[in-house]
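Please look at the sequence and the three-dimensional view together before reading on.

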Amino acid sequence: MTGLAALLIFVGLFLAGGTISFWKQQLPKGVIVLLAVASVMCLAAGILRVDWWA
């Protein structure tokens, strides 16, 4: 696993935690959706950069 893949996965998990936290605080839905989309994109990019596929 490269450093960039680990960083993207870490950022994705961090944003997922923020999404859950914001949802519990009942913040506006637009902010929650934006964080959730960013989290999924970071996690997907990190997983795709892992060198398990080779």
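Helices (DSSP runs of H or I, at least four residues) and strands (DSSP runs of E, at least two) are numbered from the N terminus. The model is predicted, so local features need pLDDT of at least 70 and side-chain atom pairs count only at pLDDT 80 or more, whereas totals for chains, interfaces and linings use all residues. Residues are numbered from 1 along each chain as its sequence is written, and side-chain values use heavy atoms, with hydrogens and water left out.

**The whole chain**

The protein chain has two helices and zero strands. Along the principal axes, its C-alpha atoms fill a box of roughly 40 × 15 × 10 Å. The radius of gyration, which is taken over C-alpha atoms, is set beside a globule rule of 2.2 Å times the number of residues to the power 0.38; the protein chain has 13 Å, while a compact globule of 54 residues would have a value near 10 Å.

A residue is called buried under 20% relative accessible area, exposed over 50%, and partly exposed in between, with a 1.4 Å probe and protein chains only. By this scheme, 20% of the 54 residues in the protein chain are buried. Accessible areas come from the Shrake-Rupley method with a 1.4 Å probe, and for residues only the protein chains shown count as cover. The protein chain exposes about 4000 Å², of which carbon and sulfur atoms supply 78%. Contact means heavy atoms within 4.5 Å, and among the contacts with a separation of 6 or more, 67% are between residues 24 or more positions apart.

**Where the helices meet**

G12 lies in helix 1, which covers residues 3–24, and S39 belongs to helix 2. These two residues are 27 residues apart along the chain, yet their C-alpha atoms are separated by 4.3 Å. Leaving out residues up to four places away in sequence, G12 touches S39, C42 and L43, while S39 touches G12, L15 and A16.

T19 is also in helix 1, and, with neighbours within four places set aside, T19 is in contact with I32, L35 and A36. The side chain of T19 also reaches the backbone oxygen of L15 at 2.8 Å, which can be read against the cut-off for a polar contact: a pair of N or O atoms within 3.5 Å where, within protein, one must be able to donate a hydrogen and the other to accept it, and residues adjacent in sequence count only if both atoms are side-chain atoms.

**Buried and exposed residues**

The table sets out the accessibility of several residues.

| Residue | Relative accessible area | Class |
|---|---|---|
| G12 | 0% | buried |
| S39 | 4% | buried |
| T19 | 13% | buried |
| A36 | 28% | partly exposed |
| F10 | 55% | exposed |
| Q26 | 70% | exposed |

F10 is found in helix 1, and F10 counts as exposed because its relative accessible area is 55%. Q26 is located in the loop between helix 1 and helix 2, the latter spanning 29–49. Although Q26 is not a glycine, it has a positive phi of about 60°.
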